[in-house]
Amino acid sequence: MAQEDVFKKLVSHCKEYGFVFPSSEIYDGLGAVYDYGQNGVELKNNIKQYWWQSMVLLHENIVGIDSAIFMHPTIWKASGHVDAFNDPLIDNRDSKKRYRADVLIEDQIAKYDDKINKEVAKAAKKYGDAFNEEEFRSTNARVLEHQAKRDALHERYTKAMNAGPDLDELRQIILDEEIVCPISGTKNWTEVRQFNLMFSTEMGSTADGAMKVYLRPETAQGIFVNYLNVQKTGRMKIPFGIAQIGKAFRNEIVARQFIFRMREFEQMEMEFFVRPGTEMEWFRKWKENRMKWHVALGMGEDNYRFHDHEKLAHYANAATDIEFRFPFGFKELEGIHSRTDFDLGNHQNLSGRKLQYFDPETGESYVPYCVETSIGVDRMFLAVLSHSYREETLENGEKRTVLSLPAPLAPVKAAVLPLIKKDGLPEFAQKVMDELKYDFNCQYDEKDSIGKRYRRQDAIGTPFCITVDHDSLSDGCVTVRDRDTMQQQRVPVAGLRAMLDGKVNLNNLLRKL
Ligand code: ATP
């Protein structure tokens, strides 16, 4: 199945099985805003818990906070978001649709790449085993022509983005490349304008006295402005970290790809404060640590890669993304930045409060440097779901859709199913529920055939189905079916808890770190 089709199916699967609903759906939805349903919220909570515990439980020198979404507006001046958190936008006059100028150009670059790849694929098919891709790419006239156009465009685009960006030049590129609006098909473009991504609102009762405040576009600033509070009250010694999970808001111009880019989303951020001069060492350690966290989930090392930034933001002296292989290609899942003393330094300047640390080891006071790890909960959710979703044809020809979620993240850990609705089986099954429900999120289901019930659980990624049959009443055993292998084994009810615990407990993941 083509990756695009997989993605479409995944989106409808999310809705059909209570993972993700479009927000305000009965009013036709709200762009790039989504709600999590009964299964989605469980998966999301498990992801958050895995992250939180890996940070706060496993590191004695990392503590958590939960800061407010509203903050003093000067914070966003100090962080640079008021002046520089912009995207270049362009409108098509005919369709009245708005686009990100940089995205239109990047899509055009991708089109050249597609053309090249198609030529390569065609030739590979034609020449079979004798095909030498490297030679073909470096000699085929059509490939060379596309490559030259692509490289020239890429160079021009990078130069324009690095120059501010140069808005006139971005528009000129769009015109020269004859990029058309996908809706109207015309080249009737407006000027390119800068658009600030922060949502704002007013705080206070009267229009006169009201203060303009922003919905935070990242959670990190809540950590920076509490740096001193936490350091002092927690008697934290550098190096130490502060972790936070919370909502962030960005008025994204082009919101696409489901929950990959939302206007209201959730971040898991950790700011690690270090002695200036040691930040590169910590940057490397955190890169390694975070990759390990991802790989421990067992979704395949090949599906992750680092993308080191060549062009650094003004506040960073090193930056990398952990990219994941989404159905639409490798894309950023998490960012790791060495942010120097930019944030604390600016808050110190604008607030007039000293945000320094007295280092008892060196006898010096300094504004600490900071290494940040920042990952979107929703993007992580999409990574896990898209990797886990599959359609299988079974030996008997039947089809099943299964979510092979990492067991500790699954919304429901076990389903308890009496084979039939009588003969004391439901009562026995309820006892099994009572045995398990304090430790695991379990679901009881007695409706429909056992096959249908298995399918329903496969579709929401339940790792184990526990079936109670007539023999259970006499031998005290139940049949446990494994979601992935579909193999079944008889297990005494008394041994169920330990068996499940060994597979679905989050600790099993944490111990791998
Ligand atoms: P992108 O380049 O994809 O816009 P970014 O570089 O602006 O992302 P950061 O500011 O580094 O992202 O934010 C850290 C993380 O927060 C990202 O790696 C991503 O997982 C998540 N994130 C950022 N913007 C969004 C969004 N609009 N919707 C969902 N998650 C987001």
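Predicted model: local features only at pLDDT ≥ 70, side-chain atom pairs only at ≥ 80, totals over all residues.
Student: Which strand gives the most to the shell around the ligand?

Tutor: Strands S10 (264-274), S13 (329-340) and S16 (369-376) each supply at least two residues of the shell. By class, that shell has 5 nonpolar, 5 polar and 6 charged residues. The strand that gives the most, with 5 residues, is S13.

Student: How much of the area that the ligand exposes when taken alone does the protein bury?

Tutor: A polar side-chain atom of Arg261 lies 2.7 Å from an oxygen atom of the ligand, while for Arg250 a polar side-chain atom lies 3.0 Å from a ligand oxygen. Leu333 instead places a backbone N or O atom 2.9 Å from an oxygen atom of the ligand. Taken alone the ligand exposes 590 Å², and the share of this that the protein buries is 81%.

Student: Why is one side of S20 and of S23 left without a neighbour in the sheet?

Tutor: The open sheet has 5 strands in the order S20-S19-S21-S22-S23, with mixed pairing. S20 (442-444) and S23 (488-492) stand at its edges, so one side of each lacks a neighbour because each has a single partner strand.

Student: Which residue in S20 is the bridge partner of Val416?

Tutor: Strands S19 (residues 414-418) and S20 run parallel and are joined by 3 bridges. Within S20, the residue that partners Val416 is Tyr444.

Key:
Residues numbered from 1 in each chain as written. Heavy atoms only, no water. Polar contact = N/O pair within 3.5 Å; in protein donor to acceptor, adjacent residues only side chain to side chain. Areas by Shrake-Rupley, 256 points an atom, 1.4 Å probe, with all protein chains shown as cover. Helix = DSSP H or I, 4+ residues; strand = E, 2+ residues; numbered from the N terminus. Nonpolar A, V, L, I, M, F, W, Y, C, P; charged D, E, K, R; others polar. Pairing = 2+ DSSP bridges.
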